[in-house]
Amino acid sequence: MSDFGEPFHLLTDRLELRAVGPHDLDDLFRINTDPRTWAHLPEGRHASRATTAAWIERAAARWDTDRLSYWTARLRTTGDVVGIGGAQRHDPGFWNLYYRLDPVHWGHGYATELSRAALAAAAAHSLELPFIAWIHAHNTASRAVAGRLGLTDLGLRPDPANGDPMHCYADREVGVLTRRTVG
């Protein structure tokens, strides 16, 4: 499935995955401003290049701190950007699956291919941490991807990031997940 020699740069059957960086701004801004990519969370849509640049900077920094984060996904055959995705370590101690694809590339299995690489990379990095996809109930496409990965729907639970009820798809049973606070 993948060449896991170095998680910063992976090859899957059809995708080249490279650690996200500032050079990806134009493509990722285009994807993150498309309302179709935010149909399940319209308020998340990026309104400015500065928003996308800051998001890229935060995601890129996680490669230094956690040794795993998000990749920009390109077609191996053409170099066209398909989207972004991967896994990040989140509090209170789990790998969080994330992806956002250019609508031009929907329906070709790229989300599943990218997500499988993220699951394998997270397991290779820290198998003791659960791998979780937090998905809105009405996002049937992402719920199908989670099912194809073999993740189990543990039902609606509060998302530790914001407390919103989301379906918690995980690679194992997990207890109550709440964000850790300091102080």
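The end C-alpha atoms of residues 15–171 lie 23 Å apart, and this span is 33% helix and 30% strand. In an unreviewed UniProt entry, residues 15–171 are listed as "domain: N-acetyltransferase". The model described here is predicted.

- The model contains an open sheet of 8 strands, arranged in the order 1-2-3-4-5-6-8-7 with mixed pairing.
- At the edges of this sheet stand strand 1 (9–11) and strand 7 (152–158), each of which pairs on one side only.
- On average, neighbouring strands of the sheet are turned by 25 degrees against each other, with direction ignored.

- Strand 4 (residues 81–90) and strand 5 (residues 94–101) run antiparallel and are joined by 8 bridges.
- Within this pairing, His90 has Phe94 of strand 5 as its bridge partner.
- Helix 2 (residues 49–66) packs on the sheet, where it touches strand 2 (15–19), strand 3 (70–75), strand 4 and strand 5.
- The direction of helix 2 makes about 50 degrees with that of strand 4.

**The largest pocket**

- The volume of the largest pocket is about 1,500 Å³.
- This pocket is lined by 50 residues, of which Leu97, Tyr98, Tyr99, Arg100 and Trp134 are the closest to its centre.
- Two or more lining residues come from each of helix 2, strand 4, strand 5, helix 3 (110–125), strand 6 (131–135) and helix 4 (140–148).
- Strand 5 gives the largest share of the lining, with 7 residues.
- By residue class, the lining of the largest pocket divides into 23 nonpolar, 18 polar and 9 charged residues.

Terms used: Residues numbered from 1 in each chain as written. Predicted model: local features only at pLDDT ≥ 70, side-chain atom pairs only at ≥ 80, totals over all residues. Heavy atoms only, no water. Pairing = 2+ DSSP bridges. Helix = DSSP H or I, 4+ residues; strand = E, 2+ residues; numbered from the N terminus. Axes fitted to C-alpha atoms, helices over the stretch in contact; angles between N-to-C directions. Contact = heavy atoms within 4.5 Å. 1 Å grid on protein atoms, 1.4 Å probe; cavity = no way out; pocket = protein on both sides within 12 Å on 5 of 7 lines; lining within 4 Å. Points joined across faces, edges and corners; volume = space filled by probe spheres on them. Nonpolar A, V, L, I, M, F, W, Y, C, P; charged D, E, K, R; others polar. UniProt positions renumbered as here; feature names shortened; annotations may be inferred.
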